[in-house]
Amino acid sequence: MHRVNKKMESIESEQIEVTESEPFLGPLDIVLLVILIAAAAWWLLKNKKSNNESNSARSYSIQPTTVNTMTMAENSFIKKLKASGRSLVVFYGSQTGTAEEFAGRLAKEGMRYQLKGMVADPEECDMEELLNLKTIDNSLAVFCLATYGEGDPTDNAMEFYEWIKNGDVDLTGLNYAVFGLGNKTYEHYNKVAIYVDKRLEELGATRVFECGLGDDDANIEDDFITWKDRFWPVVCDYFGIESTGEDILVRQYRLLEQPDVTPDRIYCGEVARLHSLQNQRPPFDAKNPYLAPIRINRELHKGGGRSCMHVEFDIEGSKMRYEAGDHLAMYAVNDSSLVERLGELCKADLDQVFSLINTDTESSKKHPFPCPTTYRTALTHYLEITAIPRTHILKELAEYCSDEKDKEFLRFLSSTTAEGKAKYQSWVQDATRNIVHILEDTPSCRPPIDHVCEILPRLQPRYYSISSSSKLYPQTVHITAVLVKYETATGRVNKGVATNFLAAQRPEGDPLPRVPIFIRKSQFRLPTKPEIPIIMIGPGTGLAPFRGFIQERDNCRREGQNVGDTILYFGCRKKAEDFLYEEELNEFVNKGSLQLRVAFSREQEKKVYVTHLLQEDSDKVWDVIGEKKGHVYICGDAKNMALDVRNILLNVIQTKGNLSESEAQQYLKKMEAQKRYSADVWS
């Protein structure tokens with residue numbers, strides 16, 4: 001083909017020269033030209049037919065282009081394992097960073113057991129290569145998988161989950177183990193890990209060790225340590241290998257100080273792309289948030305000493321779209337006084353420019369956060385400095401204690417003994433000590449600031465249920481957030497990162513304060529037909545998504561559509577203090593768009609909650625969910641309220657529907673499957 005084109009180009013150039021010297025082509029020239037064109041056409045058709053036959057013989061296999069080959073090479077964890085002499089790969093499905101952290105710890109510990117490990121993000125890997133992992137001696141795949149939402153895989157594990165769920169591959173020869181991260185207050189506790197563990201076995205893989213289940217409602221750190229301390233001896237036994245001895249603390253990143261980097265190459269809080277917050281361009285998502293102006297930030301509580309904010313973000317021109325029930329994610333920053341204090345304790349120059357570079361050259365993660373940057377920026381924008389440090393952090397901090405007592409104490413806290421675990425629970429978790437508090441209370445511990453930046457987890461976006469309808473507010477997104485601020489057992493005052501950051505963003509002048517946000521889609525959705533009745537149960541800020549639902553259904557009614565019963569069960573402490581959106585809700589009631597049931601828990605001697613009102617209204621509840629096939633929505637506290645509501649609904653289904661206990665359970669499960677029972681809860 002290439003040669004024919006060159007020949008054609010030559011003919012055309014010759015033709016131009018002839019045209020310039022002679023006014024007309026001769027008969028012989030025309031004949032020759034026609035013959036050459038015909039020959040070229042015949043060659044092309046013959047070649048195309050040959051290619052088609054060749055493709056048919058290959059069963060439609062497509063040969064990768066140069067670009068695809070490069071992508072495959074980058075995504076090939078098998079090639080990376082072989083190139084670096086490793087046999088352990090630890091995949092993570094992580095939404096908040098904990099599963100990724102656990103995966104890193106397992107891969108690092110593999111060195112003690114002659115299993116050099118690598119951490120891998122399934123989203124960035126060709127997971128079909130699991131079929132070829134058996135070609136590596138003593139190979140093992142471990143999956144640290146969090147369950148998110150209503151029993152869903154995390155965003156980065158979604159594709160892998162769908163692949164093993166719907167595929168029918170033969171994974172014979174694959175050795176694997178699974179550790180799950182969940183929360184027992186949620187109904188679908190560790191659903192993803194349990195399913196993956198079972199499904200891998202069904203596909204022929206060999207389970208080397210039992211599935212571990214971590215409970216974030218209790219002490220997930222303890223669950224993980226307990227599991228891995230039993231996991232390693234079984235792995236050694238399975239592969240016939242032995243531990244090399246004591247755990248050696250090895251830095252994962254090396255420090256590179258960069259005082260000469262020009263300011264325009266330094267990250268100042270961007271999530272991924274340099275200057276993305278200055279040069280905004282859609283589409284906006286988790287790696288490219290939109291810097292949204294705050295138009296309104298007003299107080300909703302009327303008294304009582306607590307604070308709840310109604311915040312409106314302007315998204316005009318961003319091309320971002322949302323629906324009632326979706327979530328707004330916000331990137332907050334840490335308190336500047338806490339950042340300064342941590343700098344003091346580590347004797348650091350916070351304005352020093354630096355990079356942390358992964359010592360594992362095969363890793364796709366070159367830096368723990370965007371680099372180069374300053375220590376001030378890293379501690380402000382990229383690191384969770386208010387989080388409760390896990391035991392592996394304390395173990396690494398212990399090495400920087402000049403006083404032997406401090407060193408032994410931190411080692412004791414990070415130990416796996418029953419006494420050490422109990423002390424960690426009381427001294428760290430119950431007292432909610434963050435890294436600043438720990439360094440203040442172990443005065444001889446003075447770690448270098450770069451190591452602190454390495455071991456602290458990444459600062460995660462905070463998610464809020466959107467409390468508006470895009471049908472009424474297409475250019476703004478509303479959220480409802482309670483200010484988190486409390487005194488700890490040590491007498492310190494701890495503040496929630498995001499809500500205290502938000503509280504300071506007051507739109508009182510020009511320019512308006514701006515905050516990086518993005519929209520996360522949800523399955524929490526209104527019925528497609530507005531005539532279907534709904535029951536919403538949302539005490540406190542659980543009201544947030546229902547404000548959007550009510551606005552949307554009121555809009556449908558005003559447009560002349562037939563709208564079913566819209567019933568809200570809301571609870572707060574006192575009407576005069578924390579009755580959120582009281583005037584708005586009463587207006588919807590007066591217009592006939594809403595039936596409102598409110599429980600004021602502290603306005604009488606005996607506390608009354610939304611669950612009490614639900615029990616009183618069992619006939620009405622059954623009419624909606626049983627007779628009219630309506631929808632039920634729950635938003636708020638997962639640990640107590642959501643569980644109590646579920647039990648009440650089961651009782652209503654059983655008694656009013658004349659069903660047995662098991663039949664009532666099946667009825668509720670069917671409602672869930674049909675998206676007629678939905679929960680947006682947190683613990």
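Two strands are taken as paired if DSSP finds at least two bridges between them, strands (E, at least two residues) and helices (H or I, at least four) being DSSP runs numbered from the N terminus. The model is predicted, and local features need pLDDT of at least 70, side-chain atom pairs count only at pLDDT 80 or more, and totals for chains, interfaces and linings use all residues. Residues are numbered from 1 along each chain as its sequence is written, and side-chain values use heavy atoms, with hydrogens and water left out.

Strands β19 (residues 534-537) and β20 (residues 566-572) run parallel and are joined by four bridges; Met 536 stands opposite Leu 568 in β20. Both strands belong to an open sheet of five, ordered β21-β20-β19-β22-β23, with parallel pairing. Because β21 (595-600) and β23 (677-682) stand at the edges with a single partner strand each, one side of each is left without a neighbour in the sheet.

Helix α17 (residues 544-558) comprises 15 residues and reaches 22 Å from its first C-alpha to its last, close to the 21 Å expected at 1.5 Å a residue (1.5 Å times one less than the number of residues). Of these 15 residues, 13 are buried, so α17 is largely enclosed by the rest of the structure (buried: under 20% relative accessible area, 1.4 Å probe, protein chains only). Gly 560, which follows α17, has a positive phi near 90°.

The lining of the second largest pocket receives at least two residues from each of β20, α20 (610-616), β22 and α22, and α22 gives the most, with three. A pocket is an open set of points on a 1 Å grid over the protein atoms alone, where a 1.4 Å probe fits, with protein on both sides within 12 Å along at least five of seven lines; lining residues have an atom within 4 Å of a point.

Notes: Buried means under 20% relative accessible area, exposed over 50%, partly exposed in between (1.4 Å probe, protein chains only).
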